[in-house]
Amino acid sequence: MEVIIGVADMKVSNDFEAVLITYSLGSCIGLGIYDSVAKVGGLLHYMLPESSLDSSKAKQNPFMFADTGIPLLFKEAYKLGAKKHSIRTIVVGGSQILDQKGFFNIGERNFTALRKIFWRNNVMISYQHVGGNVNRTIKLEIKSGQTWLKISGSEYQKI
Amino acid sequence: MKSVENIINEIERLKPISYTCNKIIEMTKNPDSSINELVDIITYDQGATANILRACNSTYLGLSRKITSIKHAIAFMGLDRLVNLIVVDSAAANFRGGQTGYDLTEGELWKYSVFSALIAQNLAEKNQQKNISFIFTSALLKDIGKVILHTYVNESFNEIAFMVKEKGLTFIEAEKEVIGIDHAELGARVAAKWNFSPDMVNVIKNHHFPELAPPDDLSIPVVYLADSICMMMGIGVGSDGLAYRYHQDIMDKLHFSNIDVQKTIADSLEKLKDVEKLVNSTGGD
């Protein structure tokens, strides 16, 4: 059963039938986490780096931003029995338009925000496919923890 | 490989925007046209009137009262919104099916087009532009060339992808290099064939080349910016990815800061719901 995670959305699951999927990441980031012991996984699709941009929007939808969405993804996975030390993390997305530099490079800023949060919390990135100017889709099978990445114009590949 | 002439001939298989729709778009650009004249033109076209009333009475407006006339519709939604609804309704049929060459599934290009038009409208309003419906329509139809070109992109995809990856070309530059015509130029040919104004033909042709806009014109920059925001959000992005050129000078020209970009992205999420409503309410035959 495919569970679609929309733009600025997040789902965690321990349902063996579930395959979490988020499409078309652009400059957004898709963060997948999986605990192979507890067999719990989650997928977040956030759009922007910092919730200080609009705190009322962040309250309404914390999954819009890295700094509100990422902690919540982990917390929800912990509620289903996941443990921090056995979580594998997969980060994809963060593309940019050609020549998009500096503050305007939302893709890069989205990834930087994630790295800062991970660093502060001692979380490592297990796999990343970030940047460039491609469009990405990611799916995560809860039963096995298998993840697939699709880059625009190509077929799904196992990661 | 087919010649460019053969590709252009495929424009014939599209369903042109109706005469009424075209006339209305032109009238909204003219400050001397009156609402009564516009109402007369729409009412004269029974098909258009029926479609508009059907759309108005669907979930799009979420009204409890039934809309029974074009005048009534204008009073409820305002002229710009009504014109936009007519254009969306008239153009929808062309976007049915997927555009496999761009790796876009059924409905993706159309939803993206409507989304991008709504963002362009919003940006035009913020920039106090008077030609709102013109900008909305240009943004809505700017990628109509993809509807034809996708089969050729499919055939030549590896070559195009190679040009982008290895030679640093944008996707549109690679289309032109490999196929002989790009989707924007082909879209401009469609617009010309459908008797759109030269100004609109120009916006469609140059929507990836805002540096070619006349100095005092903001239509192309606004449509370009709306497209860039969609790309960043991943809306309607297919095999071409984000392989288009970014123009910081256009952001500056529109006095658009990086915070404005982010705020527009955050605010646009709500618009995705409007897109669903608009798409579901229009395009019936």
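1. A:K39 counts as partly exposed, with 18 C-beta neighbours inside 10 Å. The cut-offs are these: buried means 20 or more other C-beta atoms within 10 Å of the residue's own, exposed means 12 or fewer, and partly exposed is in between, with C-beta atoms placed from the backbone. A:K39 has a positive phi of about 55 degrees, although it is not a glycine. It lies in the loop between β4 (29-35) and β5 (40-46) of chain A.

2. A note on the source. This is a predicted model, in which local features need pLDDT of at least 70 and side-chain atom pairs count only at pLDDT 80 or more, while totals for chains, interfaces and linings use all residues. Residues are numbered from 1 along each chain as its sequence is written, and chains are lettered from A and ligands numbered from 1 in the order in which they are written.

3. A:A8 also deserves a look. This residue is not a glycine, yet has a positive phi of about 60 degrees. A:A8 sits in the loop between β1 and β2 (9-13) of chain A. It is buried, with 23 other C-beta atoms within 10 Å.

4. Chain A has 3 helices and 10 strands. These are DSSP runs numbered from the N terminus: helices are H or I, at least four residues, and strands are E, at least two. The radius of gyration of chain A is 15 Å, close to the 15 Å from the globule rule for 159 residues, so the chain is as compact as a globular protein of that length. The radius is taken over C-alpha atoms, and the rule is 2.2 Å times the number of residues to the power 0.38. Buried residues make up 52% of the 159 residues in chain A.

5. Chain A holds an open sheet of 5 strands, in the order β1-β3-β8-β9-β10, with mixed pairing. Its edge strands are β1 (2-4) and β10 (156-158), each pairing on one side only. Two strands pair if DSSP finds at least two bridges between them. Strands β8 (residues 136-141) and β9 (residues 147-151) of chain A pair in the antiparallel sense over 5 bridges. A:K139 stands opposite A:W148 in β9(A).

6. In chain B, helices α10 (residues 157-167) and α11 (residues 171-179) pack at an angle of about 130 degrees, with their axes 9 Å apart. Axes are lines fitted to C-alpha atoms, for helices over the stretch in contact, and angles run from 0 to 180 degrees between N-to-C directions. The contact includes B:M163 of α10(B) and B:F171 of α11(B). Contact means C-beta atoms, placed from the backbone, within 7 Å.

How values were computed. Contact = placed C-beta atoms within 7 Å.
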